[in-house]
Amino acid sequence: MKNENSAFSRSAEPLLDLTALRADTPGCEAVIHFNNAGAGLMPRPVLQVMLDHLQLEAAIGGYEASAARAAEVADFHASLAELLGTRPGNIAFAASATHAYTKALSAIDFRPGDVILTTRNDFISNQIAFLSLRKRHGVRIVHAPDRPDGSGVDVDAMAALMRAHRPSLVAVTHVPTNSGLVQPVAEIGRHCRELDLLYLVDACQSVGQYPVDVEQIGCDLLTATCRKFLRGPRGSGFLYVSDRALAAGYEPLHIDMHGARWVAPGYYRPVATAARFEEWEFPYATVLGCAAAVRYALRVGLDPVARRTPALAGRLREHLAAVPGVRTLDRGPAPAALVTLAIEGWESEPFKAALDARGINSALSYREFAQFDFADKDVQWCLRLSPHYYNTEDEVDAVAGAVAELARSAR
Ligand SMILES: Cc1ncc(COP(=O)(O)O)c(C=O)c1O
């Protein structure tokens, strides 16, 4: 892997060597990438390991190539275990965060009347999956209320709902896709552990942006992708499964020959580890790219990343708060690096296209992405700008300037 160690400062302060980190990121030369909540820019070591593996597959054969790289493939589980404070046997590869999430849901034997307790800010696809479970199995979906100031779920009220309903599942998105809100997942986890409730956390936007420790959160299941703040490739994700959940026998509905042994004509036995949630076929170049991305994040250091990334977003919010016609929408005491804004006088796509034309990558969210949150905020769409640690203060200022100029032009 080329340049593997080039981007990491040896000294404690400053913790991030931005020049080297940016030199390690080819995309930095081409765009101002403020769509890390969509997909982060891959650093060179991630790209290189994937290209090398595809070449190896072409040269010696796909099965032979994965055998030749078995140790590096195994590092997918080992690196994520290190990142999340668990063991490799508690990690399963998935094709996306949603794939991991639905596999996890499929392991729960929902009965009519069972309750899923969630929040008003859980990810759109999770909410749709709950509605689908309601349609098929007659589960009840209970949404815990938010605090009156909109700064996230009311944990006391949620705990009271846990006691009242004894839900079959408590499901919380750590940082939703539709704003920079950070939900108190560890506080919620303490109640789940106290009441012995199955707890599933969607950490898709928080892994790679903050240190995420599954023991500290107290979750049984946790899902994320590798392509966002971890800066891995698209088409990847993972599921963490606690020892508790493995020992209790949770297994996906559609378990395959990788997840189970067919030990007799009429009997299969799930494997002991979270591999029971995987499938036999892996996109090996992608898996290797993910492992390289996680190792890269570990070397950069999640503590400095967690200091810098939300701080860049904070600087952007501060600039934008002063712009007439722009309303920043993120709530909570310490929002994450997802800056969402409503812009007066513009339609969504032309606004984004105008940013694209200036070489600024952004994303759009629509009312249907966040039925509760966007109704509360009275918006039909918003622009999402999501910097990462490798972005610069100058880029933040340039993006704020471009948004301000466009917002002014509509008035
Ligand atoms: C909070 C959250 N959860 C889940 C997902 C789904 O991830 P994937 O597209 O990998 O299924 C996203 C994607 O944006 C997300 O923001």
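Begin with the largest pocket of this predicted model, which holds about 390 Å³ of space. A pocket here is an open set of points, on a 1 Å grid over the protein atoms alone, where a 1.4 Å probe fits, with protein on both sides within 12 Å along at least five of seven lines; lining residues have an atom within 4 Å of a point. Residues are numbered from 1 along each chain as its sequence is written. Local features need pLDDT of at least 70 and side-chain atom pairs pLDDT 80 or more, totals for chains, interfaces and linings use all residues, and side-chain values use heavy atoms, without hydrogens and water.

Select the 26 residues lining the largest pocket; A37, F123, T177, R227 and K228 lie nearest its centre. The elements giving two or more residues to this lining are α5 (97–106), α6 (124–137), β7 (221–225) and β14 (363–366).

Zoom in on R227, where a polar side-chain atom lies 2.8 Å from an oxygen atom of the ligand. The side chain of K228 likewise places an N or O atom 2.8 Å from a ligand oxygen. At A97, a backbone N or O atom lies 3.0 Å from an oxygen atom of the ligand.

Finally, move to the second largest pocket, with about 320 Å³ of space. Select its lining, including T102, L105, F110, S132, H137 and L253. Helix α6 gives the most to this lining, with five residues.

Notes: A polar contact is a pair of N or O atoms within 3.5 Å; within protein, one must be able to donate a hydrogen and the other to accept it, and residues adjacent in sequence count only if both atoms are side-chain atoms. Grid points are joined across faces, edges and corners, and a volume is the space filled by probe spheres set on the points. Helices (H or I, at least four residues) and strands (E, at least two) are DSSP runs, numbered from the N terminus.
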